[in-house]
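Please keep the sequence and the model side by side while reading.

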Amino acid sequence: MFSTWEEVEADFDALLTRIRRDDPTVGPHLSLSHRSLDDSHASDLSSALRSNSTVTSIDLRENGVGPDGAEALAEVIQADVGRTSGEGGAGAGGACALRDIDLRGNS
């Protein structure tokens, strides 16, 4: 666990960089529960995931993600489903592989 907000932010920014680079050591399951993440973090995460082909599930339980953050994450999955239908499935051609998001215990 992190001791300061600055450590949370620095760690999260480093993680986003690895996700954007499609670093295979990040996935397939990403556990971010109990990290005090909010809608802004969820939005940044959704942007990073748009072209990530390794992360298939994310655990975001017990954070501060609200409807806006949940919608941003759902849009990543919806956009990818439309793009990959009949084209080889999840993660094909650099498409997002995300299929499962656990948001229990958020606002």
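Which kind of contact do the side chains of R104 and D102 form? In this predicted model, the two side chains meet in a salt bridge, with 2.5 Å from N to O. Side chains of opposite charge can pair when their charged atoms come close. The structure as a whole holds five salt bridges, and the points below take up several of them.

- The side chains of R35 and D11 meet in a salt bridge, at 3.9 Å from N to O.
- R35 lies in the loop between strand 1 (29-31) and helix 2 (39-49), while D11 belongs to helix 1 (residues 5-20), so this pair ties together parts that are 24 residues apart in sequence.
- R35 counts as partly exposed at 24% relative accessibility, and D11 likewise counts as partly exposed, at 36%.

**The pair R18 and D23**
- R18 forms a salt bridge with D23, and the closest N and O atoms of the two are 3.2 Å apart.
- R18 is partly exposed, with a relative accessible area of 34%.

Definitions and conventions. Residues are numbered from 1 along each chain as its sequence is written. This is a predicted model: local features need pLDDT of at least 70, side-chain atom pairs count only at pLDDT 80 or more; totals for chains, interfaces and linings use all residues. Side-chain values use heavy atoms; hydrogens and water are left out. A salt bridge is a side-chain nitrogen of Lys or Arg within 4 Å of a carboxyl oxygen of Asp or Glu. Helices (H or I, at least four residues) and strands (E, at least two) are DSSP runs, numbered from the N terminus. Buried means under 20% relative accessible area, exposed over 50%, partly exposed in between (1.4 Å probe, protein chains only).
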